[in-house]
Amino acid sequence: MSDGIGDGPVLPATRNPSECVGFPQTRFWWKRAERLAGLEPKCGRGWHSLRRKFASDLMDLPLKVLCDLGGWKAAKTVLRCYQQPDEAQLKQAIRSRRRPRG
């Protein structure tokens, strides 16, 4: 019995749901979403930036769980390209470090 997770693409194509929707359609959706949200088009904002935000916001999850949720096949891709600590996380890491005795 299937739980529905991992059974097909996250954004299935209309004509063939076993395939991913094509780039032109996703670009159309993105531009429409920007327009509806009242956002000015901005270079670098797109699906990739959403995935980066998703990975960074969920840094506290086990890496395997994050990879499964985000559809990444390799954890090194998440670590190399997607997870980006913010300033607050970096400051917290410095504050919580062990102080040497002496």
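Which residues in α2 meet V78, C81 and Y82 in α4? They are H48, R51, R52, A55 and S56, and the views below take you around that spot and a few others. Before you look, keep in mind that this is a predicted model, where local features need pLDDT of at least 70, side-chain atom pairs count only at pLDDT 80 or more, and totals for chains, interfaces and linings use all residues. Residues are numbered from 1 along each chain as its sequence is written, and side-chain values use heavy atoms, with hydrogens and water left out.

**View 1. Helices α2 and α4 meet at about 105°.** Helices here are DSSP runs of H or I with at least four residues, strands are runs of E with at least two, and both are numbered from the N terminus. The axes of α2 and α4 lie 10 Å apart; axes are lines fitted to C-alpha atoms, for helices over the stretch in contact, and angles run from 0 to 180 degrees between N-to-C directions. So α2 and α4 count as roughly perpendicular (angles under 35 degrees are roughly parallel, over 145 roughly antiparallel, 65 to 115 roughly perpendicular and the rest oblique). The residues in this contact (heavy atoms within 4.5 Å) split into four nonpolar, two polar and two charged. For that sorting, Ala, Val, Leu, Ile, Met, Phe, Trp, Tyr, Cys and Pro are nonpolar, Asp, Glu, Lys and Arg are charged, and the others, Gly among them, are polar.

**View 2. Helices α2 and α3 pack at an angle of about 150°.** Here α2 covers residues 47–57 and α3 covers residues 63–70, with 10 Å between their axes. That angle makes α2 roughly antiparallel to α3. On the α2 side the contact uses R51, F54 and A55, and on the α3 side L66, L69 and G70. Sorted by class, that gives four nonpolar, one polar and one charged residues.

**View 3. Helices α3 and α4 cross at roughly 85°.** Their axes come within 9 Å, and the angle is why α3 and α4 are called roughly perpendicular. Look for L63, L66 and C67 in α3, which meet A75, V78 and L79 in α4. This contact has six nonpolar residues, with no polar and no charged ones.

**View 4. Q83 sits in the loop between α4 (75–82) and α5 (87–95).** With a relative accessible area of 17%, Q83 is buried (buried means under 20% relative accessible area, exposed over 50%, partly exposed in between, using a 1.4 Å probe and protein chains only). Leaving out residues up to four places away in sequence, Q83 touches A55, S56, M59, L66 and V78. The Q83 side chain also reaches the backbone oxygen of A55 at 3.4 Å.

View 5. Is T26 buried or exposed? It counts as buried, at 9% relative accessibility. Its side chain reaches the backbone oxygen of F23 at 2.9 Å. T26 touches L11, V21 and W47, again skipping residues up to four places away in sequence. T26 and W47 are 21 residues apart along the chain, and their C-alpha atoms are separated by 8.6 Å.

**View 6. S18 lies in the segment before α1.** At 58% relative accessibility, S18 counts as exposed. Its side chain makes a polar contact with the side chain of N16 at 2.7 Å (a pair of N or O atoms within 3.5 Å; within protein, one must be able to donate a hydrogen and the other to accept it, and residues adjacent in sequence count only if both atoms are side-chain atoms). The C-alpha atoms of S18 and G46, 28 residues apart along the chain, are separated by 24 Å.
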